[in-house]
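Please look at the structure below and follow the text one step at a time.

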Amino acid sequence: MTKYILKRLGTSLLTLLIILTVVFILVRQMPIEGYFDNFDKLDQAVINARLQQLGLRDPILVQLKDFFVRLLHGDLGQSARYSVGVPITAIIANKAPLSIRMGVISMALSLLLGIPLGAAMARSKSGFWDKFGTVFIVFVSAVPSAVYYIYIQSFGSSLLGFPMLFSRDDWRTWILPVFSMSLGNTAYYAMWLRRYMVDEMNKDYVRLARAKGVKNSEITMRHVFRNSFVPMIQYIPTSLLYTVSGSIYIESLYSVPGMGGLLVDVITRQDNPMVQALVMIYSCIGIVGMILGDLLMVVIDPRISLKRKESAR
Amino acid sequence: MKLFKRPKDQIAAPLEQGVSAEIARLVTDADFVVAPYNPDEGERGGYSNYSYWGSTFRSFFKDKVALVFLITLVALLLFTIIQPLLPQQFEANVIIDHPLTKRQMSNVAPAWTNVIVEAPAGTALVVHPFDNDLWAAVDNIVASVKARKEFTVLEYGDEWCRIAYDGAEGYVRNDFTTKIKFPEDPLATPYAAKSNFALNVYTTPADMSNKGDALFVLKRQLAIDGDTAVTTERAQLRLLPDTRPFLFGTNSAGQDLWAKVWSGTRTSLFIGVTVAALQSLIGILIGVLWGYVKALDRLLTEIYNVIDNIPTTIVLILVSYIMRPSVQTLILAMTVTGWVGMARFVRNQVVIIRDRDYNLASRCLGNSTARIITRNLLPYLVSVIMLRLALAVPGAIGSEVFITYIGLGLPLSVPSLGNLINEGRKMISTSQSYQLVFPTIILSVITIAFYIIGNAFADAADPKNHL
């Protein structure tokens, strides 16, 4: 167990290192305008001095070494355009908690909505809930989220009277963004839970239980649901990735002062150091999510042996 | 040639002849004609006329919903291709100006025709100078009353009032747009009145102008006398000296949305289909190598773990950020991440069937690896490859919308569903919301159709569902 975890962490660290290096080198290919607040007004001498000062004139490997050394000191550099000269870590430390809170609430909401929906779909096979759920799932998975988010915002504010823009202290402004963010994952959970439950219901032990005269509700809750829930755990990391990419769009749509909206902002303003830092942070979230998902599986279902999983790879 | 016959042969020869004569009598050529298929006989002999593709298509066509979407999608695809060839189309990027005022025809509401109003025979019109053989620029505004100027009301009506002003006589609107201040008893005409707004005085109680600008009518329907004219027959007054309608209206820049939407659909479909094709090509190639060549397994698995850990959106953003926005950039950005899923899938399937006996036999018979892969392995994967292809198209179209939203998408001169939706988004709570609605409808139909067809086809192609 410990050996597996250590190995898993080692691979992830290596992955992280590769990703950081690749992102770093790629961002170096950007035009240098992205390092200056007012590039057009500067003369060549100032530009050169600034590039020198930032170390952008050094060979790429030296830059890379400097970058990692600074990273180990917890320094991601300074913003060049978004808010000039402020350390990026400070900006992010200011914005991240809101994004995290919103993401966690929306993931909880999607579990809360998706699991009953999936269970209802499996129980009423080809009944109302099944049809309703299928239409919902097809719609959410097929239509680009960017499109229905816009309509949710518009109808939510014009018909239901929710505020269009986010404000931290007004709980009503949380409803629309959190709800939109959870839709994709709700459909995802419902789809998989339904599939696993239908598979489980066709198994022999369920038939036996039914033949014995066990109540239907008891079979569903005690056997089918519990057994189908375990494989669902592996979708939590994926759904974390969904939430992350959803948050980029939604935070900017509702002007939520979080990290996702920040990414869109710094992209439009072409702030190279900020883009680099945020892209790196988002990649890390992905990796951490994957590790957590793998570990969660082991913790929740003791039947899963990690040895077997390794040899299957 | 034998020199002498053995006694054994002397006995055998006639016997042999007898037997072959008997066989020739019993077995005729008619016995070797292919019999028609007979299910009862087939069952007895364990034969079935099962054909994989036949069954696949049969079960696919049983799915009515998928069939409807297939027909819709094919019709839509054909239409996007032939739309520019149809008569009466605008160019997607041409800004349409009013021929007289040179103002952009922005935010024109969608309509079946560009006829704004029909003038009955005998309507008096004002002709504006417009150099055209076929069309005349007209309206029925004889004068305009400046704001807060006094005029004489000759006749009062709930919607239109007849007034006299500065030697001209005509009708003005009486509604919230004009807010004329009337005395206590408005019916006791004539009296003086005024409004806080500028008023147009029309020859008839009808507005025959494009918000004060001239409309266009065929010259042969008019009796022109200097700068006035009278319609000689029932005449249609049009928005432009042209019969082309703005079916989807125009956008705020004055471009025809119908042309833009179809042009955008072409761009988005092109991106979607190209990305899907490239993803499958690279995915299949790498997936087969990954699964079949054991020496590569370790390396490719590690590469996969690295790529799979990064959110796709982030890679998409990074690649589009670094490169100049263009169709090629978008295709590259989506292909960079998209092949991974396909490759892993193909790899898993290949690993499962690689060492089956028939592949072993095939190798023992001396078939090359390439032949084993293309003949023995890939046909197994067709159904799922098709599914992933079908799902990659809506995925790519959706990514395009997303990338455009965050400001890294195509420039407005290259219409795509992404930038049309992004532009229309700004209009959502105004009366111009059609600028968002039309692109979203087309986009949703395309993506839902691909999704449903893909899933239905994958179900149909799964031999477990063939009965």
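In this predicted model, helix α8(B) passes α10(B) in a right-handed crossing. Helix α8 covers residues 327-354 of chain B, and α10 covers residues 369-405 of chain B. Two packed helices are described by the angle between their axes and the distance between the axes. Here the axes of α8(B) and α10(B) come within 10 Å and cross at roughly 155°. Angles over 145 degrees count as roughly antiparallel, so α8(B) is roughly antiparallel to α10(B).

Which residues in α8(B) and α10(B) meet? On the α8(B) side they include Leu330(B), Met334(B), Gly338(B), Met342(B) and Phe345(B). On the α10(B) side, Leu377(B), Tyr380(B), Leu381(B), Val384(B) and Arg388(B) are among them. By class, the residues of this contact between α8(B) and α10(B) divide into 14 nonpolar, 3 polar and 2 charged.

Helix α10 of chain B also takes part in the contact with the other chain, as one of the elements that give two or more residues to the side of chain B that touches chain A. In that contact, 32 residues of chain B meet 34 residues of chain A. Besides α10, the elements of chain B giving two or more residues are α6 (294-309), α7 (312-322), α11 (417-425) and α12 (434-461). Of these, α12(B) gives the most, with 7 residues. The side of chain B that touches chain A has 21 nonpolar, 10 polar and 1 charged residues.

Chain B can also be viewed by domain. Its domain assignment gives domain 1 (2-36), domain 2 (52-81 + 256-465) and domain 3 (115-238). The centres of domain 1 and domain 2 of chain B, taken over C-alpha atoms, are separated by 64 Å.

Now turn to chain A. It has 13 helices and 0 strands, and its C-alpha atoms fill a box of roughly 85 × 55 × 30 Å along the principal axes. Of the 313 residues in chain A, 34% are buried. Among its contacts between residues at least 6 apart in sequence, 72% join residues at least 24 apart.

Ala190(A) sits in helix α7 (residues 172-201) of chain A. Is Ala190(A) buried or exposed? A residue counts as buried if 20 or more other C-beta atoms lie within 10 Å of its own. Ala190(A) has 27 other C-beta atoms within 10 Å, so it is buried. Leaving aside residues up to four places away in sequence, Ala190(A) touches Gly114(A), Leu117(A), Gly118(A), Met121(A), Gly133(A) and Ile137(A).

Definitions and conventions. Residues numbered from 1 in each chain as written. Chains lettered and ligands numbered in written order. Predicted model: local features only at pLDDT ≥ 70, side-chain atom pairs only at ≥ 80, totals over all residues. Contact = placed C-beta atoms within 7 Å. Helix = DSSP H or I, 4+ residues; strand = E, 2+ residues; numbered from the N terminus. Nonpolar A, V, L, I, M, F, W, Y, C, P; charged D, E, K, R; others polar. Domains from an automatic or database assignment. Buried ≥ 20, exposed ≤ 12 C-beta atoms within 10 Å, placed from the backbone. Axes fitted to C-alpha atoms, helices over the stretch in contact; angles between N-to-C directions. Parallel < 35°, antiparallel > 145°, perpendicular 65-115°, else oblique. Left-handed = near helix turned anticlockwise from the far one by under 90°.
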